[in-house]
Amino acid sequence: MIALLGFLARLSVVVGFIGLVFSSVSDLLFRTDYLATMDNAIDMNNTNVKVLIGLVALIYLIIFLLSYINKLTKYSQNRKVKNKSGEIEVTIKTINEVTKEFLSSQEIIKNSKVKSFPKGKAVVIEAVVDTYNVDNLNDKLSAIQDKLTEHVMNATGITVKKSKVKLKKVLSETIVEKKIVETAPQETAVTDVEQKTDEA
């Protein structure tokens, strides 16, 4: 909101300046009387006009000040990662996007809303999720929460002080979770031995 007000304030100043330049050039080259008309319309001796101009100037000053503070605050929320090549700056927005992408890849989670904020040199991540109806939901969310911390740290290099995954809603939809079946290494080894025996 502050950023939008700051943009509109800057835009109005630019438009006003362009209008003033246009009026001056038009009066000079084409003998129009835009500036004289504006001068007649605005009576600077009128107290109400002076008060109005003072209020507008004060509002503009406040908006520009808040906009500047907003920029400084956003910049201070960024986190830096040091490596051999130098220093990389990671924004809070990037951390939120990495978190949201990870949560969307979890099959039991349907929707998620993420926000994070700095805590010292680290960050705290808070996510609110809607999940499908599955067994052992609390245990699975706890496991996802642990994996989330590790994933964000690996993806961004930023230390995650704490990650919280809060359950907002359990949907009525039930899903069948995929189970990955892995072949045991021992079985493969036995098969190789059997093949070598047959060949011999």
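Q: Before we start, what are the ground rules for the numbers here?
A: This is a predicted model, where local features need pLDDT of at least 70, side-chain atom pairs count only at pLDDT 80 or more, and totals for chains, interfaces and linings use all residues. Residues are numbered from 1 along each chain as its sequence is written, and side-chain values use heavy atoms, with hydrogens and water left out.

Q: OK, salt bridges: how many does the structure hold?
A: There are 3, taking a salt bridge as a side-chain nitrogen of Lys or Arg within 4 Å of a carboxyl oxygen of Asp or Glu.

Q: What does Lys110 pair with?
A: Glu173, with 3.7 Å between the closest N and O atoms. Lys110 sits in strand S3 and Glu173 in strand S5 (residues 160-174), so this pair ties together parts 63 residues apart in sequence. Strands here are DSSP runs of E with at least two residues, helices are runs of H or I with at least four, and both are numbered from the N terminus.

Q: Which residues are linked in a salt-bridge network?
A: Lys115, Glu126 and Lys164. Lys115 and Glu126 meet at 4.0 Å, N to O. With Lys115 in strand S3 and Glu126 in strand S4 (residues 122-133), that pair ties together parts 11 residues apart in sequence. Lys164 also bridges to Glu126, with the closest N and O atoms 3.8 Å apart. Lys164 is in strand S5 and Glu126 in strand S4, so here the parts tied together are 38 residues apart in sequence.

Q: Switching to the surface, which lysines gather in a positive patch?
A: Lys100, Lys113, Lys168 and Lys169. Patch residues have over 30% relative accessible area and no salt bridge, with like charges joined within 9 Å and nonpolar side chains (Val, Leu, Ile, Met, Phe, Trp, Tyr) within 5 Å. Lys and Arg count as positive and Asp and Glu as negative, while His and the chain ends are not counted. The place of a charge is NZ of Lys, CZ of Arg, CG of Asp or CD of Glu.

Q: Where's Lys113?
A: In strand S3 (residues 109-119), and it counts as exposed at 60% relative accessibility.

Q: What about the nonpolar patch, which residues make it?
A: Val14, Phe17, Ile18, Val21, Val25, Leu28, Leu29 and Phe30, over about 840 Å². Val21 belongs to helix H1 (residues 2-30) and is partly exposed at 38%.

Q: Now Thr99, what does it touch?
A: Leaving aside neighbours within four places in sequence, Thr99 contacts Val114, Ile125, Leu148 and Val152, where contact means heavy atoms within 4.5 Å. Thr99 lies in helix H4 (residues 92-104) and counts as buried at 0% relative accessibility.

Q: Last one: where is Asn78 found?
A: In the loop between helix H3 (47-77) and strand S1 (79-83). Asn78 is buried at 15% and, not counting residues up to four places away in sequence, touches Glu89, Val90, Thr91 and Ile92.

Note on methods. Accessible areas come from the Shrake-Rupley method with a 1.4 Å probe; for residues, only the protein chains shown count as cover. Buried means under 20% relative accessible area, exposed over 50%, partly exposed in between (1.4 Å probe, protein chains only).
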